[in-house]
Structures are given as C-alpha cells and as structure tokens.
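These are my notebook entries on one protein chain. I set down what I looked up, in the order in which I looked.

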Amino acid sequence: MALSPLTLMAQISSGYYRMKNAETQRYMSIVDTNADFKVGPSYKNYVYADLDAIYMFENFEDSVAFNPATICYVEHISGTQHNLSGQGLDLHDQTGRYLDAIARGDYYRFYATGSGGGITVTRYLIDNTVRGTYFHPQIGDDNTTNNNRNWSVLAVDQSDTQYFGIKPEVQATEDNSYWSTLYAGFPFKASDSAMKTYIVKTVDKALGYAVIAEVDDVPAQLPVLIRCAGATPANNKTTLLSPSTTASYGTNYLQGNYYCNDVEDTNHRNVTAYNPSTMRMLGTTADGKPAFVKSNISYLPANKCYLAVSTDAPDVLQIVTEAEYATGIHELNVSTTTDDTKVIYDLQGRRVTAPTKGLYIVNGKKVIIK
C-alpha cells in the first residue's frame, strides 16, 4: 500500500486545515511527493513507512502563517474516511485509498491499515518529542497515554492564530511598496482591498517592461504577483476559496514551483534548477522600483514564481501596470520617420529602417506609426 504525504488528517467536515501536534506544538508541511506505507513479513515489525516528505515546523508567525505547504483540503467521504489534497497532490487519485481518523476529546488520531503476506497492520501518526528545526513524523501503535499521537485539526480562517497571509519578498524603496509572488495549490483572494494580485500579460524586451494586469479570484496553480498591504503576513491575509474555483485570464508569463527540498536523500530531493537565461526573479531596479531581475540562486524557491523570458531578454524588467505601459505611446505619421535622427526598433528589439504601420520603439519611446 503506497500512501502520499497527505494521508494525515482527521475526521472533520470538508474544508481547509492545518495539523498541529498536541505534544510538540509543531505543524505539518508537505515538502515533496515521495512517501510509502507497506506491510509484509519482510519488513521490520511488518511495516515499512517513509514519511520524510513531511516536515514539522514550529512557531506559527515565523514559519507557518505564510507557508502554503502547511495547508491541505480535507473532503469528508463517509464515516471515518476522508480524502486529502494539497500542493498538487490528491490522496485518492494517487493511492486509491482514503484516510481513517478517530476523535480523542479535543484531538484526533490518524491511522492507516495495510495488508501484505497474510498480515494486516494498523499504525498511527506520531510526532517525536525530540525537537529540531525540521523533524519528520513517525508511526506507532495507538498508545493512549502519549500526547504525541494527538493532533489538533485547525481550520484556516481570518483569525490571528490560523490565517494564511503573504510574506513580502521585496521592498521597493522608490515608493516603499512591498511585493511577493505565490504559487499555491489552493484558490484564494486578497482579504484587504489594499492588497492587489496580478499576472504578467506582456514582456516588452525593447523597453524592459513586465506589464501586469490585476486579477481578483486566484485559482489553484495560477502563478501570481502580489502587491502587499503591509510588511508582515498578518497585514496581508487572504480568503481561501472553494477548490472548484476557476477563472480564465489569458496569457500569463509567470510560472510557479511547489517544492525546493534540497536534501541528500535522492528519494526526497525535489528541486527545480534556476536558469538565468530564461528566468527572472522578483527584485528591484537600481533606483528601487519593483522588477523581475536576473538572479544568482541555484534553485527556484518553494511556492514562488519566476518570469519566463526568451534568451535575449534584458537582465532587468521593470514592473508596470497596463495603464502605465499605455502612457507614453505616441502617434507618428509614417512619412515623418525618414528623419535620420530617429532610431526605430520593432517590439522584438530589431532595428527597422522602413517601418510600416504598427507599434514601434522610436528613440526609446513607444510609438504608433500610422
């Protein structure tokens, strides 16, 4: 029986939740896609379990509140059975199984049962009491005296203890604005009207612009740029939407990435290499304006976005809105373009000596030639 790292949630009504261990006070997060639960006489104690795809995080505000990997959607199927999805994974689709859970007072216990070689084994999820920055959960018998088998199932909401907020990546000093990108496995929208979400509709290599368009509801797996309302995740709370939320916004040059698990274990190493030739990361221009810039990172960060560009794109692409981009487009009669002092390029950055009607770059300005 193969179980995904999402096989770990309690019996509860359908919705978005986090899991917190009662003993260690740590939260679960999903960091890659490789996990197993096998039963048979060839395994020690008849069970082989691999839960290293799950990391445990302490401190809600410091590491959890803004981490999409700590959130999953629980769908109650029937009785003690539930289906779980998050970070692009679906438990039932991946394994053909549902998760069983039982209530223990204010907490829940989670278990999986497997059969192999004529043996049937049930094991419960536990969090070891040895603390560390990262620690993986384990499995054990249902020992009712140990709190490390007890888990709180916490609904994601607008409260100060269970919100999901955006942590700014960049501060643009030109106007003191805060910016971030996000690639999440759940749909959401900004809770505060001062926070704006965007896609990148156009990449203008000639002018060095990344042109953004505002969007409202953000479907799952839509890479977005976010202008934050403030400097902390608590300033930038979001509202999680139904998993069936859809929207079509057309071209988007942003691409997203779920995982950056750079560990020595090849079974769990899950990284995407950064390519400076075709990727630009969120940053600022030399004069402090928000931009997508060439970076020196090795791997794409988890749950973040990059701007996909061609190999001839400039190192820095300033972020501008569609309205800002339209400002400065001038009209020029084609008969006036013969002046040798005018340097004309098409939108692909190629020098043009005999332009026809259309949009060009003339002496560094966007011009419509009629």
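Accessible areas here come from the Shrake-Rupley method with a 1.4 Å probe, and for residues only the protein chains shown count as cover. With that settled, I looked up the accessible surface of the chain, which comes to about 16900 Å², with 44% of this belonging to carbon and sulfur atoms.

I noted that this is a predicted model, in which local features need pLDDT of at least 70, side-chain atom pairs count only at pLDDT 80 or more, and totals for chains, interfaces and linings use all residues. Residues are numbered from 1 along each chain as its sequence is written, and side-chain values use heavy atoms, with hydrogens and water left out.

**Entry: the whole chain.** I found three helices and 29 strands in the chain; helices (H or I, at least four residues) and strands (E, at least two) are DSSP runs, numbered from the N terminus. Of the 370 residues, 47% are buried (buried means under 20% relative accessible area, exposed over 50%, partly exposed in between, with a 1.4 Å probe and protein chains only).

**Entry: a sheet.** I traced an open sheet of ten strands with mixed pairing, in the order E14-E15-E19-E17-E18-E25-E23-E22-E24-E21. Two strands pair if DSSP finds at least two bridges between them. At the edges I found strand E14 (170-172) and strand E21 (254-257), each of which pairs on one side only. Within this sheet I looked at strand E22 (residues 279-284) and strand E23 (residues 290-293), which pair in the antiparallel sense over four bridges. Glycine 283 stands opposite alanine 291 in E23.

**Entry: the core.** Of its 20 residues, Phe164, Leu182, Val224, Ile226 and Leu240 touch the most other members. Strand E18 (209-215) and strand E19 (224-227) each supply at least two residues of this core. I then listed the contacts (heavy atoms within 4.5 Å) of leucine 182 beyond four places in sequence; among them are Pro68, Phe188, Asn303 and Cys305.

**Entry: cysteines.** How many disulfides does the structure hold? I found zero, a disulfide being a pair of cysteine sulfur atoms within 2.5 Å. Cysteine 305 is buried, because its relative accessible area is 2%. Cysteine 72 is also buried, at 8%.

**Entry: a loop.** Aspartate 106 lies between strand E9 (99-104) and strand E10 (107-116). Is aspartate 106 buried or exposed? I recorded it as exposed, because its relative accessible area is 72%.

Methods: A nonpolar core is a set of buried Ala, Val, Leu, Ile, Met, Phe, Trp, Tyr and Cys residues joined through side-chain atoms within 4.5 Å.
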